[in-house]
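I am keeping short notes on what I looked up in this model.

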Amino acid sequence: MLRRVFVSGLSWAYLALVYAFIFLPVAVLVLFSFQDGRLPVPPFNGFSTQWYEAVFADRKLMAALGNSMLVAISSSVVSCVLGFLAAYSLARYKLPGSALQRGLLIAPMTVSYLIIALGLLSLLNALHMPLSLLTVGIGHVVINLPLCFAIIYASMGDHQINIERAARDLGANDFKVMALVTAPMLMPSILAAFFLSVTFSWDEFIIAFLLSRFDVTLPVEIWSMLRSGLNPKTNAIGSLVFLASVALLLILEFSLFGRTKKQ
Amino acid sequence: MTAPVSIENVSKTFGHFTALDSVSLDIRAGEFIVLLGPSGCGKTTLLSILGGFLSPSSGRVVIGENDMTFVTPSKRPTTTMFQDYALFPHMRLSDNVGFGLRMRGLGKAERDEKALGFLDLVGLKASAGKRPHELSGGQRQRVALARALAVDPEVLLLDEPLGALDLKLRRQMQDELKAIQKRVGTTFVHVTHDQEEAMAIADRIVVMNQGRIEDFGPPSQIYMRPRSLFSAGFMGEVNFVPGRVKTADAACAEVETSLGSLALPAANFTAAAPKAGDAITLTIRPEHFRGADKSGEPMFALGDAKVAGSAFFGTHYRCHLQPCASDGDALVAHLPQSAEVRDGEIVPLAVRAADVVALPAASGTL
Amino acid sequence: MTATTLEDADRRKAWGFAAPALLWTLAFFVVPFLFMAAMSLWKREGREIVRVWNLDNYVRFFSENALLQGLVNSLEITVIVTVLSVLLAYPLAWIIAERVPKRFQRMALILAILPFWTSYVVRSYSWLLVLSKNGVINQMLTGVGLIAEPLEIASTRTATVIGFVHFFVMLLTLTIYSNLIQLSPNYRRAAADLGANAFQTFWHVILPLTLPGIMTGAFLTFVLCIGDYVTPQILGGNNELVLPQIIMLQLGRRADFPMAAALSIILMLAVTIAYVACARWLKIERA
């Protein structure tokens, strides 16, 4: 009995410790984003929202925020569409060498982003192609396409084959089958792929850093802010991104995934 | 709408496996045809070729007047009702049933009205706004039927649609299917491995085995006058008695078996005319064994047999009988409810000449 | 009408649907990669890249201590991080799966991975707030009089490892937890029924059954950790460079693309070797 209480107490203590470790930096980040002073480290001088005001007044930062959204959403849409079409093709038709094609589509997942970025950069340089948000987007599709393909492909069960056949049998062509039957049936996993892909693109640094020139994404802009050392403004933008992501996550958890669980 | 179907020398191979081996079949417009056979016999492959989900390795499929061999499912005058119903899970019943009409460009109001009509036909008009997951198996089945019929196909293909239902519901749905088929007049081609289902609904049954058609005809003919050993064995219980043709002429043949000699009319040789010396197999249904004498009818006495075991089945006693004259295989016979059967009892056996069918002996082991 | 079979028509359509994704991957992943591999066999002279096939970059890598040390640092840090993360995450996942009441588990898990949603760059930065010379830890320790002089944690390997472990503990908790809850409780019951104590049950039954999940997570940790530039650059500083930092240096002021390419190929080989080592535990399948 005593031993069980001891083990149980040990478990809860461990849980608390690891949670503290996980939350420590985030808590410090958010707390000192409200610092009334120039240094985001103790002592805490008092509560102020001046750094948030500074963030919203920073036109470069706001432009980077817009760029990030643009790149994240458009590259995720492209990744989902291409990934969906490829998954449909490979799951529904028997193609020669389909294992090889699956391997090729998944391959970028196993390669470091740095190497993907470097390869693209070398090639773009050799072809004298200018760097822009477009090239960042292309790079982000390269890393997100395998993800979208894998998620959507995994959700294409064989039990849906007859449902698609029925649609075809009733006169639908392939595009109508995909638009009216397959995509609505797979909507939960397509949305999961889309949001995951948005998250990855939104947060991606190295590709965005190496493949962009004048217009940059948010992580790259934050990176350049780090050169000025510890700064409560960096805390503020970091906290904003964190809170916005968490809000989005909670909305998804309670609306989208909550609903699919019921079905 | 309705149309005849003609299958001409259709073969289908998958790699080295022959799923269909030169199958030919003529189906009349408005017929209810059942493709019957064990799993792997090729019946589902044949249905897929009719529906356009597979194309044959050789041969032709003609529906109505038109060669449909290489026409895609969407352009064929056929619709398929799938084994797992394949209802669109995200659509209401009325949208499910109206889907084919939508593909044909009908407006929303018009197709909703038609869809309601077809839901009414299957008794689900009140549920038009529900989604498939809210329905029971039997109801889903009905929606699938309504959806397939809504586009007014010339031929409806049914792929074991009753397989997932329990026995009682299956019997009920068989009656409904038959009634609806009569009403709409469409040609139905229905696949099943259940011979009772086949007899309950078919105008004509196609018995298939190993990619070939073994027998084709109305249920009573298939049962009473099977044209192959496989067909006889698949359509219910049967006793096989080996024998040899002693003499044969145009009208009659004398057959020798371990149970004695029988003179059979030549018409009882359903597969091939008898020739003296042929090795044959007689097939006798369990219910065709009689006690010794019934006045007036030409009967063959088959000697005495000892009851080795029996069970009461309601409509009859099912008995295992060991013929006293031979130590060959035991026979299965159905004796009337009124008979009092005891193990070890000796009963005299007889059979009507008309009830015995003689088929060529199997070349291999049986 | 030509007698094309339905299967032929299907095959053509299928190629059409797969083509965009395949072409994208070929054009923007395979071709650039091959180009980079080729470039690793060229060399830089002045500001020009000379397209003469040679192995100079690879020879230089193995002969120049600073470069080779980068790979050694990368491997050491990655191995330390992977082992530490697994050791920290497994008990956490186990406690969430076994001790936390069922209806709070999902919440506990979401909470455990919540800092995932800070921006990647910001996450390393926020550790800087904690670990720097005037950061939270040092001020707390000096405040209570435990130490007199602030500790040098930032810009050391320790800071890099802490930053990495923080990230991968979250990732591994997720993968190990999902592995644990998939186990049927009957395994434990059967083991207990046959006389195993709690430790024996864990060691002989639970651990082997969760090994595939651990290996998948560990491999992911390895790949992401060894290829990362941000965390070592922000937290580790320039005292002890890892391979990605050296690669970025080639790109920066030296503009030595061939050398960067060669180093990238070496980095990839390290990942490939790790993959081959855990390949039999890794599975990517269609459900």
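Predicted model: local features only at pLDDT ≥ 70, side-chain atom pairs only at ≥ 80, totals over all residues.

I looked up the second largest pocket and found about 1,100 Å³ of space in it. A pocket here is found on a 1 Å grid over the protein atoms alone, as an open set of points with protein on both sides within 12 Å along at least five of seven lines. Its volume is the space filled by probe spheres set on the points, which are joined across faces, edges and corners.

Residues are numbered from 1 along each chain as its sequence is written, chains are lettered from A and ligands numbered from 1 in the order in which they are written, and side-chain values use heavy atoms, with hydrogens and water left out.

Which residues lie nearest the centre of the second largest pocket? I noted Y93(A), R165(A), R168(A), F53(B) and D10(C), out of 39 lining residues; a lining residue has an atom within 4 Å of a point. Helix α1(C) gives the most to this lining, with six residues. Helices (H or I, at least four residues) and strands (E, at least two) are DSSP runs, numbered from the N terminus. The lining divides into 16 nonpolar, nine polar and 14 charged residues. Ala, Val, Leu, Ile, Met, Phe, Trp, Tyr, Cys and Pro count as nonpolar, Asp, Glu, Lys and Arg as charged, and the others, Gly among them, as polar.

I counted five cavities of 30 Å³ or more. In a cavity a 1.4 Å probe fits but cannot get out. The largest cavity has a volume of about 60 Å³. Its lining includes Y120(C), R123(C), W127(C) and H166(C). The elements that give two or more residues to this lining are α5 (120-131), α7 (157-182) and α10 (230-236) of chain C.

I found 30 salt bridges over all chains, each a side-chain nitrogen of Lys or Arg within 4 Å of a carboxyl oxygen of Asp or Glu. In one of them, E164(A) pairs with R92(A), and the closest N and O atoms are 2.5 Å apart. E164(A) is in helix α7 and R92(A) in helix α3 of chain A, 72 residues apart.

I counted two salt bridges between chain C and chain A. R123(C), also in the lining of the largest cavity, forms a salt bridge with D203(A), with the closest N and O atoms 3.9 Å apart.

**Entry 5, chains B and C.** Nine residues of chain B are in contact with five residues of chain C. These chains bury about 550 Å² between them, 65% of it on carbon and sulfur atoms. S55(B), F70(B) and T72(B) supply 71% of the area that chain B buries against chain C. The count of salt bridges between chain B and chain C is zero.

Technical notes. Contact = heavy atoms within 4.5 Å. Buried area = accessible area lost by both parts, 1.4 Å probe.
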